[in-house]
Amino acid sequence: MQTERRLILVASHEPHANGHAVIIGGSMAGLCAARVLAGHVNRVTIVERDHLPAEPSERKGVPHARHVHVLLAQGQRVLEQLFPGLTGELAGHGALIMDWTAECMTRYATGWGRRMPSNLRTLGCSRDLLEWAVRQRVRALPNVAFCEGMEATGLLTDPTNRAIQGVMVRPRGEGKPEALAADLVVDASGRGSHSPDWLEALGYGRPRETIVNAFLGYASRWYRKPAGFKADWKALLITGYPPDMPYGGVLLPVEGDRWLVTLGGRNRQYPPTDEAGFLDFARQLADP
């Protein structure tokens, strides 16, 4: 499970009603930023390296999308505020609505957790479906344009390097960069962001980093839900508790009557990706 890593804002002045905002990256962060900015500036341009799929499917720029993603309750509420009716739309495409505390069985170090009804409703769906549905909503905004197959190569500045005036863009991997002027630049390109390098090249230094590596690795497989399967749960979560039990796993129902299963291990004890090895790893969990 991953989250968007970075959202950087740089501007020469505050955006205004007649301004132009450029967003680097058509990620979930970039799409939500576009939705918000569309109400404050005249134009929003999303610069995205990928050619975006017309249907819910994988795209190269989000390799972690094939693993389990959990849309937390507050995140769902915010998305519903930004895109009214989105929850029902996702459900119409096969996403399952779950009471997280009642319908997700969770195994802790002390045993299976107690389940109880709540108002914490969330969705079981793939990252591909969620991002596609949000992207379709953003595409429908009249003042938002997608610039696909393009990559940002640097920041456009004034002669003194004291004001950001846009970004340099080019077709991915080829061609001469061209200037794309903007009043506000949002970097939503995630952990592959080049903004720290660009700002350092302009003389602004870069923040100090502290890296803590738990050497966590995970693998996922997709399964067709067995015909006629019935249970009093919709999702399963088995946590690890190092050092005695470094393994964990999660099973999430997704669209298409499928299960998405992600297994993880800490301290370089990673799950295999082949079917037999994946199942053997699953049998080592706290509850097989």
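Biologist: In β11, which residue is the bridge partner of methionine 168?

Modeller: Alanine 179 is the partner of methionine 168. This is a predicted model: local features need pLDDT of at least 70 and side-chain atom pairs count only at pLDDT 80 or more, while totals for chains, interfaces and linings use all residues. Residues are numbered from 1 along each chain as its sequence is written, and side-chain values use heavy atoms, without hydrogens or water.

Biologist: How do I read strand pairing, and what is the sense of the pairing of β10 and β11?

Modeller: Strands of a sheet pair through backbone hydrogen bonds, either parallel or antiparallel. Strands here are DSSP runs of E, at least two residues long, and helices are runs of H or I, at least four, numbered from the N terminus. Two strands pair if DSSP finds at least two bridges between them. Strand β10 (residues 164–171) pairs with β11 in the antiparallel sense, over 4 bridges.

Biologist: Which strands make up that open sheet, and in what order?

Modeller: The order is β9-β10-β11, with antiparallel pairing. β9 (150–157) and β11 (178–181) are the edge strands, each pairing on one side only. From one strand to the next, the twist averages 35 degrees (axes are lines fitted to C-alpha atoms, for helices over the stretch in contact, with angles from 0 to 180 degrees between N-to-C directions).

Biologist: What is the order of the open sheet of 6 strands?

Modeller: Read β6-β5-β14-β15-β16-β13, with mixed pairing. Its edges are β6 (111–112) and β13 (217–224). Strand β5 (residues 104–108) pairs with β6 in the antiparallel sense over 2 bridges. There, tyrosine 108 stands opposite glycine 111.

Biologist: Now a helix. How many residues of α5 are buried?

Modeller: Buried means under 20% relative accessible area, exposed over 50%, and partly exposed in between (1.4 Å probe, protein chains only). In α5, 10 of the 13 residues are buried. Among them are Leu129, Trp132 and Val138. The buried residues pack against α1, β3, α2, α3 and β8.

Biologist: What span should α5 have?

Modeller: The expected span is 1.5 Å times one less than the number of residues. For α5 that gives 18 Å, and its end C-alpha atoms are 18 Å apart, which agrees.

Biologist: Is valine 134 buried or exposed?

Modeller: Valine 134, in helix α5, counts as buried because its relative accessibility is 0%. Contact means heavy atoms within 4.5 Å. Leaving aside neighbours within four places in sequence, valine 134 is in contact with Met28, Leu31, Phe83 and Leu86. Its C-alpha atom is separated by 8.5 Å from that of leucine 79, 55 residues apart along the chain.

Biologist: Which residues touch the most other members of the largest nonpolar core?

Modeller: A nonpolar core is a set of buried Ala, Val, Leu, Ile, Met, Phe, Trp, Tyr and Cys residues joined through side-chain atoms within 4.5 Å. Of the 34 residues in the largest, Ile23 and Val138 touch the most other members. Elements that each supply at least two residues include β2 (20–24), α2 (73–82) and α5 (127–139). α1 gives the most, with 7 residues. Apart from this core lies another, of 16 residues, including Phe281 and Leu285.

Biologist: How many disulfides does the structure hold?

Modeller: A disulfide is a pair of cysteine sulfur atoms within 2.5 Å. The structure holds 0. For cysteine 104, the nearest cysteine sulfur, that of cysteine 125, is 15 Å away. For cysteine 125, the nearest is that of cysteine 32, at 13 Å. Cysteine 125 counts as buried, at 4% relative accessibility.
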